[in-house]
Amino acid sequence: MSHEELRLEEPNLSHEKQHQEMLEEFINEEEIITPRTMRKKPHEDYQQFLQRTRDRKQGINLPEQWVPGSLYFIINKQGKLVGGVSVRHTLNKALERLWGHIGYGIRPSERKKGYATLALTLALRKCKELGIKKAMVICKKENIGSAKVIQKNWGILESEYVCEENENIPTQRRFITT
C-alpha cells in the first residue's frame, strides 16, 4: 500500500454520517472505540463533538490529566472513513505508562488491509511537525497486530511492564524516531 492510498483529515462536517456509521460498527462488534477521542459524548451533537476536538487541539477545557492533542480521521482512496488517529502533543506521567503519543484504531470491517501501518506512518509525520523527535507508542502485549504495526514503523521496544493503571495488563512501550 502506498502513501497515496490513505490520508489523515481533521474531523469536519463532511465526516458526520461516516463517523456515526463507524462508531456504530465498533458498538455492534462490542469493541472499544479507539482512539477514545473519536467518541461522541451521549449528550453531544456533531457540532459539539467538532468544537471539543478543536478545543483539545488548542488545550482548551481539557479534562484533568488530559493534554493537548489532535484527532485525525483515516480516509482511504475511495473517501471512506476507515479509522482514527490521536496525536498527543505532550505527555504527562500517566500517558507515559498508559497511551504514549499516538493512539489509533481501524473500524472492524476495514482491518487487515494495511491501513493501521500506513496511518501510523502518517501520524509520525504529524509528530515530527510538532517537534516530537521520538514518539512513544504503547500497546497491550497481547495485541500482536498492533505490536506488528509499530514494529513495521521501526518501533524499538523500550520496556514491558504490568500496567497497574490499566487493569494490570501486560504492556509494551516502544519508541520511534520521527
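Visitor: What do the side chains of Glu110 and Lys80 meet in?
Guide: A salt bridge, with N to O at 2.7 Å. Bear in mind that this is a predicted model.

Visitor: Where do Glu110 and Lys80 lie?
Guide: Glu110 lies in the loop between β4 (102-106) and α4 (115-129), and Lys80 in the loop between β2 (69-76) and β3 (81-88). The pair therefore ties together parts that are 30 residues apart in sequence.

Visitor: Is Glu110 buried or exposed?
Guide: Glu110 counts as buried, because its relative accessibility is 6% and the cut-off for buried is under 20%. Lys80 is partly exposed, at 30%.

Visitor: Which residues do salt bridges with shared partners join into one network?
Guide: Lys80, Glu110 and Lys113.

Visitor: Switching topic. Which residue forms a salt bridge with Arg173?
Guide: Glu158, with the closest N and O atoms 2.8 Å apart. Arg173 sits in strand β7 (residues 169-177) and Glu158 in strand β6 (residues 156-163). The two are 15 residues apart, and the pair links distant parts of the chain.

Visitor: And Arg173, buried or exposed?
Guide: Buried, at 13% relative accessibility. Glu158 is partly exposed, with a relative accessible area of 45%.

Visitor: What about Glu44 and Arg52, what do their side chains meet in?
Guide: Also a salt bridge, N to O at 2.6 Å. Glu44 is buried, with a relative accessible area of 9%, while Arg52 counts as partly exposed at 22%.

Visitor: How many salt bridges does the count come to?
Guide: Twelve.

Terms used:
Residues are numbered from 1 along each chain as its sequence is written. This is a predicted model: local features need pLDDT of at least 70, side-chain atom pairs count only at pLDDT 80 or more; totals for chains, interfaces and linings use all residues. Side-chain values use heavy atoms; hydrogens and water are left out. A salt bridge is a side-chain nitrogen of Lys or Arg within 4 Å of a carboxyl oxygen of Asp or Glu. Buried means under 20% relative accessible area, exposed over 50%, partly exposed in between (1.4 Å probe, protein chains only). Helices (H or I, at least four residues) and strands (E, at least two) are DSSP runs, numbered from the N terminus.
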